[in-house]
Amino acid sequence: MRELNAIQVDDHHYQVDMRGWVCPYPKYAVEGLVRKFDRGRLDLLVDCPSATEDVPKVVKAMGCSVTEINQIGGGEWQIVITK
Amino acid sequence: MNQVPFRKRAWPLWVGAIALAAANVGMFAFMRAIGVFPQLSMWGAQVYNLAGVKVDAPFTVYPLTPLLLDVHSMINFGIVLGVAAAALLSEEFKLRKEHWTGYVAALAGGVLMGFGTVIMPPCNVGGFYSATMALSLSGPLTVLGLLPGAYLGGLLMKWQTQRAVAALDFSAMPKGEPVRARSSSAQPLIGAAVSAVLLAAAGYYASVGLTKHAGLLLFGALFGVIFQRSRLCFTSAFREILISGNGTLMKWVLVSIALGTIGFAILKANGYQPMHFVLPVGVHTVAGAFIFGVGMSLAGGCGIGVLWRSAEGYTRAWVALLAGMMTAGSWVLIYGKHVGEGWLYGKPVSLAQYGGYVGGTAIVFLFLAAFYGFILFVEARKRERA
């Protein structure tokens, strides 16, 4: 089974690395991820451009917010989700 | 939020939809409409012949031709160069490796798309988008296969994602260092170099009298830039209607088809290539579209989608592209005849035979309105459930 690579950065601050997961995987994953973590900050790393459009829409529809989208390299982004 | 420079900003969907329709009408007026899989099938047949296996190309109007001399293949090369230039200029290119399960899905998706394209025929953009604009009865009918096919493929992807998320435990996550942003890249410079190669190649073809080759290369690049910047993905458009209850993408695709249909109908009504992209229609249209629909979801893109992602550095798309090419390229060996011949295929039917080009256009608009209404119904159901 394919697994997600995730770490705890700090208290209530997590990073889930979805680089290597093509679209639409990040969009499908973020709903479950936002539901699962209780509160704080979740950094979602993605490398498909569409995720920078799709993921914030799903997050906002769930009543949470995307506070930053940072390009961290060629074709790679960090989407900062707060709950 | 950080201010994003213009070259990195995605184009709004409405810009992509209008630009796509204008480019398709323009390219039809120049020579032909958009579609990429028949050329890919010819490439696959060429590989078999180079390996010593004699096989004809599956589509008779796309005969075996050296790739750099094949005028239709110019569209595919143009898409690859246009996407690569746009992706590099916006710093979105990356050599993306995949988990082995992704390569297996791409292989399966490519094989299914390869069979789908010769059974339907041809592909999602050619068989649905261009064919509907060209007033081919087959165009609207492909939806009956592409929609459930894409849904089934999407369900498999969603199930795989849900399993991975379910296995995460936020309370027992290992501590680690976050990934830091890297310094600026040379991608824009390489993108400018790719653009120069594209223009030089078009200039060379024009200089030796192959103006159609030059034109289709540039039109292909234009399509590549439109797809890459607007993210107007036809696979996603079909898949997300029933998976997410979100039909935004498809609604813009339908607007694009409506605009393009007017242009195609005017050209055809004036006697210009009246049977262009009017394709065989029958049970095979729906069956082939269903097979193609499952395949494009698993592969992560339709014919244009995998060409586009290949040029963005998705190795998953490379596998799908090769698998699709080699499968479709073997069709004459498997079936014994070309696409459109024999027991499997029906006859091409133009909607213009029902009340002329005005009547045919009206039928296409009725279909588009019905599909649009279906999407609104699905979206309303989703809102009710939420």
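Colleague: At what angle do α6(B) and α9(B) pack, and how is that arrangement classed?

Modeller: In this predicted model, the axes of α6(B) and helix α9 of chain B, residues 234-243, lie 8 Å apart. The two helices pack at an angle of about 75°. Angles of 65 to 115 degrees count as one class. That makes α6(B), relative to α9(B), roughly perpendicular.

Colleague: Into which classes do the residues of the contact of α6(B) with α9(B) divide?

Modeller: From α6(B), the residues that take part include Leu146(B), Leu147(B), Ala150(B) and Leu155(B). They meet residues of α9(B), among them Phe238(B), Ile241(B) and Leu242(B). Divided by class, the residues of this contact are nine nonpolar, three polar and two charged.

Colleague: Which helix supplies the largest share of the side of chain B that touches chain A?

Modeller: The contact between the chains takes 35 residues from chain A and 40 residues from chain B. On the side of chain B, α4 (100-119) and α6 (138-166) each supply at least two residues. By class, that side has 15 nonpolar, 13 polar and twelve charged residues. The largest share, eight residues, comes from α6(B).

Colleague: In what order do the helices and strands of chain A follow one another along the sequence?

Modeller: Chain A has five strands and two helices. Read along the sequence, they follow the pattern β-β-α-β-α-β-β.

Colleague: How does the radius of gyration of chain A stand against the globule rule?

Modeller: The C-alpha atoms of chain A fill a box of roughly 30 × 25 × 25 Å along the principal axes, and 49% of its 83 residues count as buried. For 83 residues the globule rule gives 12 Å, so chain A is as compact as a globular protein of that length, its radius of gyration being close to that value at 11 Å.

Colleague: Why do the buried residues of α2(A) line one face of the helix?

Modeller: An α-helix has 3.6 residues a turn, so residues three or four places apart point the same way. In α2(A), residues 51-61, the buried positions are Ala51(A), Thr52(A), Asp54(A), Val55(A), Val58(A) and Val59(A). They line one face because, seen down the axis of α2(A), they fall within an arc of 165°.

Colleague: Which exposed residues does α2(A) carry on the face turned away from its buried side?

Modeller: The buried residues of α2(A) pack against α1, β3, β4 and β5 of chain A. The face turned away from that buried side carries the exposed residues Lys60(A) and Ala61(A).

Technical notes: Residues numbered from 1 in each chain as written. Chains lettered and ligands numbered in written order. Predicted model: local features only at pLDDT ≥ 70, side-chain atom pairs only at ≥ 80, totals over all residues. Contact = placed C-beta atoms within 7 Å. Helix = DSSP H or I, 4+ residues; strand = E, 2+ residues; numbered from the N terminus. Nonpolar A, V, L, I, M, F, W, Y, C, P; charged D, E, K, R; others polar. Rg over C-alpha atoms; globule rule 2.2 N^0.38 Å. Buried ≥ 20, exposed ≤ 12 C-beta atoms within 10 Å, placed from the backbone. Arc of directions from axis to C-beta. Axes fitted to C-alpha atoms, helices over the stretch in contact; angles between N-to-C directions. Parallel < 35°, antiparallel > 145°, perpendicular 65-115°, else oblique.
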